[in-house]
Amino acid sequence: MFQKILIANRGEIALRIMATCREMGIETVAVYSGADEAAAHVLYADEAVCIGKSDPSDSYLNMAAIIEAARSVNAGAIHPGYGFLAENGEFADMCAEAGIVFIGPPGDVIRNLGDKITARRIMQDAGVPVIPGTTQALSVNDNADALAGEAAAIGYPVLIKASAGGGGKGIRVVNDPSGLVDACMAASREAKAAFGDGAIYMEKFFETARHVEVQVLADAHGHIVHVLERECSIQRRHQKIIEESPSPAVSDDLRARMGEAAVAAAQASNYVNAGTVEFLLAPDLSFYFLEVNTRLQVEHPVTEMITGLDLVRCQIDIATGKPLGLTQSDIKGRGHAIECRIYAEDPENDFFPSPGRIDVLHEPSGPGIRNDCGVYAGADVPVEYDPIISKLVVHAETRELAISRMARALREYVILGVKTPVPFLIDVIESPAFRAGDLSTGFIETYFPDWQPKPGLRDIGLIAWVMNAMLVQPVSRQNSTETRIPTPWETLGNWRV
């Protein structure tokens, strides 16, 4: 077992990993940039090391600085979380060369699966169903006729995708030949800027498909299990915002077949540690391989809530060389879990980031509620990084009860000082289409194309906070020279939603 683990990440995922480490008796080391010196993950860790300025490339993406930080504190392992260096094969190799365990798959596995074209070939060879598309990188320098020929062979509409990276970057939908070349060039430019690699490929686009992924765990001894599925169809600009498990569209038989395909994908790629095999689920319930995320997923809590597993603990145990203590028959789901991602962003302004100081933070509580939060009242959401604040997760016996619980929790979630999408999420969760499980990756565009908050919904979090705060009396000070704690009503003069 490791005595000390360095967390090469920030925010809520760093805190999430640290919580498991503390339960396991493992000391944690935080790394931080100049913009994060007072961040929650720095305050929570046993040790903290500054690794650079506020620029991500000089801090959380600085591989040499992170390796040196781990050496300086004698950390036996590095957990990358997600984002930043989590899917960087070179970083995994550097850890191995330094004698530090990278809590994730080997570097060559990350590279093979991180290149989506290579991954498609691996899956085709393993008999895993793959979306019709190209198996070679496309060049934006190809003439229009060559690109049009590829698209025509696949059949419009087609999806142009970056071969590297993820997070919705380098993706364009093309409905007809007229916009094909421009879309390829735009996707390639965006991919180059985001991932340093402008390679793109083309695949069939399904307009009403679902995004369903399967969690896998694989140890270094050849044992692989799948840990059920997650429905991730509610997306904005190809970025997930609401996830749930189990999927309302997946039967027991389909779950077994998708799970078998996910295990075959892991076997074919020599996978080790936790990973996620993502599938596109067509309206006729046929499914096709999309990609493998070689890391812990943002939405992993919904799997934990229905199975009772701690996936971070599983990752750490696998990294120490332990065999999986699970067989496929051991893994069973109970009830239903839903996750909403809470960002500092303005839903009334095309979800534009809303960095700033969090003046008030009141988290929902009660049965079946979990909030993986990376901030606190008085903390700053910096402009330099992804603006995710927290992940609100609920669990209940049925999907209907989970929806009601999530709506209640969202109404009780108060974040003042920055804009958040909480009112938008309430509308989505309570919509008839969501309640009916009528989901697809085009859900937002279909049902909420020009969303605006309902009258009264904009301030619902503030109202809930005031009602709660009225039950708490201001603390009296014996020493009259001390600054008096303001009452809730006095703080309202400066609130902004």
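Visitor: What makes you say that strand β9 is mostly covered?
Guide: This is a predicted model, and in it 9 of the 9 residues of β9 (residues 210-218) are buried. Buried means under 20% relative accessible area, so each of those residues falls below that cut-off.

Visitor: Which residues point which way from β9?
Guide: One way point R210, V212, V214, V216 and A218, and the other way point H211, E213, Q215 and L217. Both sets are buried.

Visitor: How do you know that β9 pairs with β12?
Guide: Two strands pair if there are at least two bridges between them. β9 and β12 (residues 273-281) have 9 bridges, so they count as paired, in the antiparallel sense. V214, for example, stands opposite V277 in β12.

Visitor: And what joins β9 to β10?
Guide: There are 6 bridges between β9 and β10 (residues 224-236), and these strands also run antiparallel. L217 has V225 of β10 as its bridge partner. In the hairpin that β9 and β10 form, 5 residues lie between the strands, and G222 takes a positive phi near 90°.

Visitor: Why is H362 called partly exposed?
Guide: Its relative accessibility is 21%. Buried is under 20% and exposed is over 50%, so H362 belongs in between. You can find H362 in strand β18 (residues 360-362).

Visitor: Why is helix α7 called roughly perpendicular to helix α8?
Guide: α7 (residues 144-154) and α8 (residues 180-195) pack at an angle of about 95°, with their axes 10 Å apart. Roughly perpendicular covers 65 to 115 degrees, so this pair qualifies. A144, L147, A148 and A151 of α7 meet L180, V181 and C184 of α8. By class, the contact has 7 nonpolar residues, no polar ones and no charged ones.

Visitor: What makes a group of residues a nonpolar core?
Guide: The residues must be buried, of nonpolar kinds such as Leu and Ile, and joined through side-chain atoms within 4.5 Å. The largest such core here has 41 residues, and I242, L410 and I429 have the most contacts inside it. Among the elements that each supply at least two of its residues are β11 (239-245), β21 (388-396) and α12 (399-412).

Visitor: Which residues does L410 touch?
Guide: Leaving out residues up to four places away in sequence, L410 touches C340, I342, L392, V422, L425, I426 and I429. Apart from this core lies another, of 36 residues, including A14, M18, V227 and A337.

Conventions. Residues numbered from 1 in each chain as written. Predicted model: local features only at pLDDT ≥ 70, side-chain atom pairs only at ≥ 80, totals over all residues. Heavy atoms only, no water. Buried < 20%, exposed > 50% of the residue type's maximum accessible area, 1.4 Å probe, protein only. Helix = DSSP H or I, 4+ residues; strand = E, 2+ residues; numbered from the N terminus. Contact = heavy atoms within 4.5 Å. Axes fitted to C-alpha atoms, helices over the stretch in contact; angles between N-to-C directions. Parallel < 35°, antiparallel > 145°, perpendicular 65-115°, else oblique. Nonpolar A, V, L, I, M, F, W, Y, C, P; charged D, E, K, R; others polar.
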